[in-house]
Amino acid sequence: MNPLLTPELGTYVWSLVIFLTVLFVLKKFAWNPLLDFLEEREKDIAESLKMAESAKTDLEKIKDESEKILNEAKKEGKTIVSDSKLRAEESANKILNDAKEKSNEFLDDAKSKIDIEKKRAIKEIKEEVVDLSLELATKVLQRNINDEDNSKFVKSSLEAVKVDEAKS
Amino acid sequence: MFIGDKIGKEWTMDQAPQYAIDHVANSKKNIFEFEFLNSLSEKISSFFGLTPESMFYIDLGITKHVFLLFFVSFVSVSTIIMLVQGYISHKKNIPNRFMSIVEMFVLYLRDDVLKNFIGDKEYRDWAPLVYTIFFFVLFGNILGLIPIFDLTGLLGKIGANTELLNKDNILYLLSKGGHTVTANVNVTFAIATITFFAFIYAGIKKYGFVQHWKNLAPSGLPLPLYFIVVPIEFMGLFIRPLALTLRLAGNMMGGHIALIIFITFIFSATAELGGLAGFGIAPFSVSLALGLTMLELLVAVIQAYVFALLTAVFIGMAIHVDH
């Protein structure tokens with residue numbers, strides 16, 4: 001019999017006993033705990049992946065929302081700025097117009113006062129002229145004058161009045 | 001030359017095959033003698049009516065391969081339990097280098113073999129068996145490649161003047177016999193037996209005793225065909241474990257015999273052509289042996305995987321009959 005193929009029932013029995021013992025021991029202390037552990041770890045990984053996914057979508061939602069809010073805030077800010085600009089312009093214009101009106105009023109007032117004063121002055125001058133001419137006339141009438149003198153005098157006094165009028 | 005003379009005196013070229021076979025075969029003597037094992041062997045054998053002269057005498061003595069079986073089981077069990085328990089109880093759960101290799105095999109076998117062939121639900125029942133077969137065979141194959149006991153034998157031979165040269169010495173016996181338990185057909189046949197009963201048990205558990213044996217042949221065939229199909233399927237049932245046995249043992253045996261033959265080239269050349277020829281051929285012998293050892297490392301993993309894979313496939317076939 002070939003020594004490589006001899007049946008050795010003793011070795012066979014020992015192999016069975018040893019293998020079954022190894023199987024029992026490893027099953028209890030290695031394979032079942034290891035498989036449980038691996039399954040648990042895979043579950044953990046799957047769960048944390050799911051959580052990460054949901055956190056990602058949440059984050060995106062939050063991001064979108066915050067962008068929306070930011071955009072709205074920007075818009076509002078812009079409107080506020082343009083509004084206030086408009087208002088400022090309006091009030092500036094108003095102030096300017098008011099000032100202009102007031103100054104115009106002042107001017108008109110001053111002009112009318114000046115006119116009144118002028119008219120009064122002219123009136124006074126005229127009255128003075130009349131008085132002067134009356135005085136002159138009395139002076140002339142007290143003197144004996146000829147026709148020539150008369151006419152000359154009337155002429156010169158008239159001219160004087162004219163000059164006065166022109167001056168005023 | 002001293003070495004050349006010594007080898008030349010002891011070695012002749014036609015010794016090489018016998019030397020290689022001695023290397024792989026089991027020892028005829030026991031390494032350790034235990035009286036109670038001898039009496040137990042006698043009792044069990046006489047119960048079956050076997051005498052010590054019979055070929056099937058159940059000798060439970062601790063031969064080299066039995067000793068190596070203990071050694072392999074001790075190394076594999078302690079290594080795997082240490083790694084797995086260390087991994088599980090560690091707080092961070094980061095596998096170390098060896099544990100990641102174990103985990104890689106475990107996950108691969110689970111996802112691609114167990115779940116694939118046995119099923120997502122049933123695989124947990126059979127996973128420990130398939131894993132144990134894979135790692136037990138793997139440790140047997142790889143420990144067989146490490147020449148631990150050749151070194152002890154060398155130590156025994158160096159002390160040539162003392163009683164260590166005694167041929168009954170443990171170291172001497174260990175150094176000559178096979179170091180690969182998985183090259184012994186009895187060992188592989190034992191594991192194949194377990195596979196055999198596992199897939200029969202799987203079928204009976206799923207379908208009940210009667211239905212399982214009915215599942216052997218597909219139903220709905222014309223009656224005459226059953227006379228052909230049933231015997232073929234029945235034979236196939238027993239051929240499966242035999243194929244497993246011979247595939248693993250043959251692979252390991254062949255590799256180791258080739259390894260020894262390559263090394264004996266040196267001795268043969270020395271014996272036939274002198275010491276210088278021995279030195280000349282040594283680089284070729286050693287590089288051939290080195291290359292073959294690399295190949296054997298690959299074969300060690302592949303054969304362990306094939307044994308585990310086929311176990312899973314047979315169990316799956318018993319569970320999923322319709323396939």
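The model under discussion is predicted: local features need pLDDT of at least 70, side-chain atom pairs count only at pLDDT 80 or more, and totals for chains, interfaces and linings use all residues. Residues are numbered from 1 along each chain as its sequence is written, while chains are lettered from A and ligands numbered from 1 in the order in which they are written.

I begin with the overall content of chain B. Its secondary structure comprises 12 helices and zero strands; here helices (H or I, at least four residues) and strands (E, at least two) are DSSP runs, numbered from the N terminus. Of the 323 residues in chain B, 37% are buried. A residue counts as buried if 20 or more other C-beta atoms lie within 10 Å of its own, as exposed if 12 or fewer do, and as partly exposed in between, with C-beta atoms placed from the backbone. Among the contacts in chain B with a separation of 6 or more, 73% join residues 24 or more positions apart; two residues are in contact if their C-beta atoms, placed from the backbone, lie within 7 Å.

Helix α3 of chain B, residues 35-47, has 13 residues and reaches 18 Å from its first C-alpha to its last, close to the 18 Å expected. The expected span is 1.5 Å times one less than the number of residues in the helix. After α3(B) comes Gly49(B), with a positive phi near 75°. Helix α9 of chain B, residues 185-207, has 23 residues and reaches 32 Å, close to the expected 33 Å. Gly208(B), which follows α9(B), has a positive phi as well, near 85°.

I turn to the contact between the chains. Chain B contributes 42 residues and chain A contributes 28 residues. On the chain B side, α2 (16-24), α4 (64-89), α6 (123-145) and α9 each supply at least two residues. The largest share, 12 residues, comes from α4(B). By class, the chain B side has 28 nonpolar, 12 polar and two charged residues. Ala, Val, Leu, Ile, Met, Phe, Trp, Tyr, Cys and Pro count as nonpolar, Asp, Glu, Lys and Arg as charged, and the others, Gly among them, as polar.

How do α4(B) and α6(B) cross? Their axes come within 9 Å and cross at roughly 120°. Axes are lines fitted to C-alpha atoms, for helices over the stretch in contact, and angles run from 0 to 180 degrees between N-to-C directions. The angle therefore makes α4(B) oblique to α6(B), given that angles under 35 degrees count as roughly parallel, over 145 as roughly antiparallel, 65 to 115 as roughly perpendicular and the rest as oblique. Val72(B), Val75(B), Ser76(B) and Ile80(B) of α4(B) meet Phe135(B), Phe136(B), Phe139(B), Gly140(B) and Leu143(B) of α6(B). This contact has seven nonpolar, two polar and no charged residues.

Helices α11 (residues 223-273) and α12 (residues 275-319) of chain B pack at about 175°, with axes 8 Å apart. They are therefore roughly antiparallel to each other. Their contact has 21 nonpolar, eight polar and three charged residues.

Leaving aside neighbours within four places in sequence, Thr293(B) is in contact with Leu145(B) and Leu259(B). The C-alpha atoms of Thr293(B) and Ile146(B), 147 residues apart along the chain, are separated by 9.8 Å.
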